[in-house]
There are 2 protein chains.
Amino acid sequence: MPAAEEVVATYLIETYLPLDQAAEAIAGEQSTGTFVKVARETSELRERFAARVLSVAEIAPTGNADLPGATGTGRKRSAEVRIAFGLDNFGPSLPNLLAAVAGNLFELRQLAGIRLLDLDLPPAFTERYPGPQYGVRGTRKLLDRPEGVLLGTIVKPSIGLPPEELRLLVRELAEAGIDFIKDDELMGNPPHSPLAERVAVVTEELDKVAARTGRRPMYAFNITDDLDRMASNHDLVRAAGGTCVMACVNLIGFTGLAWLRERCALPIHGHRAMTGVYTRAPQLGIDYVAWSKLARLAGADHLHTNGLSNKFYETDEEVLRSINAVRTPMLGGYETLPVLSSGQTPGLAPETYRRTDTTDLLVLAGGGIHGHPGGSAAGVAAMRAAWCAATSGQDLHAAARDVPALQQALDTFGGPRPAARDDAAGGARG
Amino acid sequence: MPAAEEVVATYLIETYLPLDQAAEAIAGEQSTGTFVKVARETSELRERFAARVLSVAEIAPTGNADLPGATGTGRKRSAEVRIAFGLDNFGPSLPNLLAAVAGNLFELRQLAGIRLLDLDLPPAFTERYPGPQYGVRGTRKLLDRPEGVLLGTIVKPSIGLPPEELRLLVRELAEAGIDFIKDDELMGNPPHSPLAERVAVVTEELDKVAARTGRRPMYAFNITDDLDRMASNHDLVRAAGGTCVMACVNLIGFTGLAWLRERCALPIHGHRAMTGVYTRAPQLGIDYVAWSKLARLAGADHLHTNGLSNKFYETDEEVLRSINAVRTPMLGGYETLPVLSSGQTPGLAPETYRRTDTTDLLVLAGGGIHGHPGGSAAGVAAMRAAWCAATSGQDLHAAARDVPALQQALDTFGGPRPAARDDAAGGARG
């Protein structure tokens, strides 16, 4: 076990050099080293501050392409490498941590592949970063939904909807009993639909529906913007009685998110736009497991994980690993709600439930609700019925006999997915 | 020419689908589209808000590996694609711009390769983002160096140097006539060497040397940290009479940098730690040309470009392209000083000067100065002599006859690089 005052980073490395030599190149570059021995670099200094290679475990060849510029010849080897960095090198600071565990190492010639897979952080980080303020339980409490999957949608069309049209859409969705509605990540505070106008019409409609039905959906307003503006956006939402804000984690950075968390009174819905730039090249980047830990530390109450059979590149196995990552406790807490989205339809409910084995999920359907032939309200009814059936073990086709909206959805978007699908091949180019 | 109210993004795409279809997938995902047609998505709305594919220019096959999850069969094609996004979709906001031009598109299955190459921004951005406060001219003025290459170094060892040792090193470097000294990016505000202590000893030494010699080098204190702390760090540096702060652009994000710029009185030395995660996989990411435009817009006065024959993965051609990118005026200004570093030695001066054809460069040598057998002061003298010779057309070996420190440097780090080196093969795995 690493000592409490260390950060342990786990990497995938691929190299034409001896594995130990490549691992030491990372440890050197990211702590005391430069390309020549320099004055004042005493052995005592190195002993205290040098990063230490804890383990180098060779794995089977990955088949990944080489990164450009890699040195060495012969056979490429791959390994999982664990490196310990003394906390004293940077202190419990997210950006300074990143300088060490992810700074220049992606550029090292010694490596033909380099990916940060995971991070084990010492408790000192909990003192600076309080993490999610609401998480799963706080969100359920605000929604008055103590159990069951939380069901949500994204406003579609993504952009361009005039506020008065948004009003009608929100009314329809709220009356249909949806738990959660969010702005698209493309909808910030643009000239054609200022956030202040959207907040005004949405909160007014939600109040009206709440007065009639006793249920007030959570609406995540996208407050992503330059930081001072984002703080003002938050204050605007809060003053109007809004109950959630959305921030695109990568677009404001982990530091921007941590800064927001310090001045935020509402759950932060963490959107993952641009995460693909870190995750999609298998031989480079930052794995979702490490990425999501940083986002949770910075304070994300909800975090997008993608969903099964999504329209993007990830396989179901990868999505399930992301959902699991977000749900795994870290540093004794940091409870964040996984958000499943992208191409989600009623037919995916049984398989999603079977494979996640939890209802602590926020499942968002955009097109899968708004594209319902009976309209958005029918789309909500179909999703709700599908999840009720899935969690009670009822067959979707049987459930659809009592709920025409569900039958229509299955006819339009496809029926329940076969449970035995081979996920390993799920996302591969056919 | 695009209309003034549009952003034009240029991408490299690689796909097994028809090129037009893949380009339209980006435009759709990043503006009005979802995976099904939805209610309220009127043709008027699409007309006004949909991103438009301006051009699709097929290029020769790249040889890049496929990104995982790519759909389609047959032959992979590659193209440079230009897409116009209406500014009305997001307004002149850096994070909201990124949601559109770089949001989910890296995850699209339609693409086997996707890289943001360049961005053309409309003048509206200049109103929100003032950009570099000092740039090349402001930095020269602060340094009282109206012409010639600016010569700098990085404190080495990177971390662990006690403040009193730092004092001696700074004294030695300043007395040797260096223009610029910077903290390593690994040295933030750690427990073992608090920034306040470093600022105190460094500024005291610089004042003493300035009193003796009339020359005060610029010292870039690494203020990178959580944002409120970073602002305090800046105030600390400024109050002590410091003349430069360093921020790691990717670790605080473009929004964090823009936020710093608003409250910053000093030149911002923009470090590029972690840029490799965006640039190194040729089939994915954000090219340095686009990346550096965003960093300049956010206010970087200096921007690391890497140097020739660097210890990292980039070829000389790529480095020269980056230097050129930073030096190319954008939006009528945004003048940023390129910073060449990594493995820089006196022997590289003639070739660097020949190929950049400018002295508006800040050239940093870390090991190339501190690793000099005669010590850091001799290292500075050697670099200065080499650049004097290079810019006056003198042969380095001839210059070394009058400057023993230069001769020692050439003996230790290698002589002048042959001018005819083939750069295309420069960084390839041998």
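Mentor: Let us begin with the contact between the chains, keeping in mind that this is a predicted model: 110 residues of chain B are in contact with 110 residues of chain A, where contact requires heavy atoms within 4.5 Å.

Trainee: How do you know what area chain B and chain A bury between them, and on which atoms does it fall?

Mentor: The value is the accessible area that two parts lose on being put together, summed over both, and for chain B and chain A that comes to about 9,000 Å², with 55% of it on carbon and sulfur atoms. By class, the side of chain B that touches chain A has 47 nonpolar, 38 polar and 25 charged residues.

Trainee: What makes the two copies related as by a two-fold rotation axis?

Mentor: Chain B can be laid on chain A by a turn of 180° with a shift of 0.0 Å along the axis, and the RMSD is then 0.0 Å; the two copies are thus related as by a two-fold rotation axis. In chain B, the C-alpha nearest this axis belongs to B:Gly253, at 2.6 Å from it. The same surface serves both copies, since 100% of the contact residues of chain B recur in chain A.

Trainee: Why is the pair of A:Glu107 and B:Arg272 called a salt bridge?

Mentor: The term asks for a side-chain nitrogen of Lys or Arg within 4 Å of a carboxyl oxygen of Asp or Glu, and the closest N and O atoms of A:Glu107 and B:Arg272 are 2.8 Å apart, so the pair meets the cut-off of 4 Å. Across the interface of chain B and chain A the rule finds 10 salt bridges, while over all chains the count comes to 66.

Trainee: What makes B:Glu29 and A:Lys311 a pair that joins two chains?

Mentor: The closest N and O atoms of B:Glu29 and A:Lys311 are 3.0 Å apart, and the two form a salt bridge. B:Glu29 lies in helix α1 (residues 19-29) of chain B, whereas A:Lys311 lies in the loop between β11 (302-304) and α12 (316-327) of chain A, so the pair joins two chains.

Trainee: Turning to the inside of one chain, how do you know where domain 1 and domain 2 of chain A lie?

Mentor: The bounds come from a domain assignment, which gives domain 1 as 3-128 and domain 2 as 135-413 in chain A. Their centres, taken over C-alpha atoms, are separated by 36 Å, and the contact takes 24 residues from domain 1 of chain A and 19 residues from domain 2 of chain A. Between them the two domains of chain A bury about 1,800 Å², 66% of it on carbon and sulfur atoms.

Trainee: Which element gives the most to the side of domain 1 of chain A that touches domain 2 of chain A?

Mentor: It is β4(A), with eight residues. By class, that side of domain 1 of chain A has 17 nonpolar, three polar and four charged residues.

Key. Residues are numbered from 1 along each chain as its sequence is written. Chains are lettered from A and ligands numbered from 1 in the order in which they are written. This is a predicted model: local features need pLDDT of at least 70, side-chain atom pairs count only at pLDDT 80 or more; totals for chains, interfaces and linings use all residues. Side-chain values use heavy atoms; hydrogens and water are left out. Domain bounds come from an automatic or database domain assignment. Buried area is the accessible area (1.4 Å probe) that two parts lose on being put together, summed over both. Helices (H or I, at least four residues) and strands (E, at least two) are DSSP runs, numbered from the N terminus. Ala, Val, Leu, Ile, Met, Phe, Trp, Tyr, Cys and Pro count as nonpolar, Asp, Glu, Lys and Arg as charged, and the others, Gly among them, as polar. Copies are superposed by least squares on the C-alpha atoms of residues with pLDDT of at least 70 in both.
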